[in-house]
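Hi,

Here is the structure I promised to pass on. Have a look at it first, and my notes follow below.

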Amino acid sequence: MTDTATRITPTASTADQTTATGIGLLVLRIGFGGLMAAYGTQKLFGWFNGQGWQGTVDGFTAMGYNPGEIFGPLAGLSELVGGLLLVFGLFTPLAGAIVLGTMINAINVLWSGGLFPADPSVQGYSTPLLFALVAAALAFTGPGRFSLDAGRPWERSGVVWGGGAVVVAVVAAVVTLIFKSVL
C-alpha cells in the first residue's frame, strides 16, 4: 500500500534539485556580487552616487585607516574584484574570502553603532554582517553549476575550502586592523 502523502506531493528529481540549486546560487551570486562590485565602483570611481577615489581616501583617513591612500582604494578594489568574481562564479572560495575580509573591517568600523541603532543618523553593522554571512556561505557552497568554476579543474567548494576561505579572510582582516593601529 502506498502512502497518500507520497502520491499527492510529488518530490523533485535529483536533476531538478540540482538545477534549482544552480539557479538559486546564480541569482544569489549575480545579485550579491553585483552589489559588492557596485560598492567598489562607488569607492574607486564615484559611480552610483559614490564618493570616488579622493572621497574614499579622505573617509578612510578619517576612520583611522592611515594611509587612506592605501586602505581606501584597497577596500574599493576588494569589493569590486570580489564582487565580480562572485558574479561570474570564478575562484569562488577566494572571492568569498576577499569579500568576507573586507566586511569584517566594515563591521569593526561600525561596531560602536550597534547592530540596529535607535538613532537613524548612526549606521549599524547589520548590513556588513549580512554581506559577510553571504560571502562565507558562498565560499562553502561554491558557485553552483551555472558558473565559470563549474566542471573546471580549479572548481573548489565544501568544508575544507569554505573553512580555508574563512581563515584567510579573518587573517587578512586582522592584519589590516593591526596595520591600521600601528601606521
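A quick term before the pockets: on a 1 Å grid over the protein atoms alone, a pocket is an open set of points where a 1.4 Å probe fits, with protein on both sides within 12 Å along at least five of seven lines, and its lining residues have an atom within 4 Å of a point. Its volume is the space filled by probe spheres set on the points.

This is a predicted model, where local features need pLDDT of at least 70 and side-chain atom pairs count only at pLDDT 80 or more, while totals for linings use all residues. Numbering starts from 1 along each chain, and side-chain values use heavy atoms, without hydrogens or water.

The largest pocket comes out at about 920 Å³. Its lining has 36 residues, with Lys-43, Phe-60, Ala-75, Glu-79 and Ala-106 nearest the centre. The largest share, 10 residues, is from α5 (helices are DSSP runs of H or I, at least four residues, numbered from the N terminus). By class, that lining has 23 nonpolar, 11 polar and two charged residues (Ala, Val, Leu, Ile, Met, Phe, Trp, Tyr, Cys and Pro are nonpolar, Asp, Glu, Lys and Arg charged, the others polar).

The second largest pocket holds about 170 Å³. Phe-91, Trp-154 and Trp-161 are among the residues lining the second largest pocket, and α5 and α7 each give two or more residues to this lining. Its classes are eight nonpolar, two polar and two charged.

Cheers
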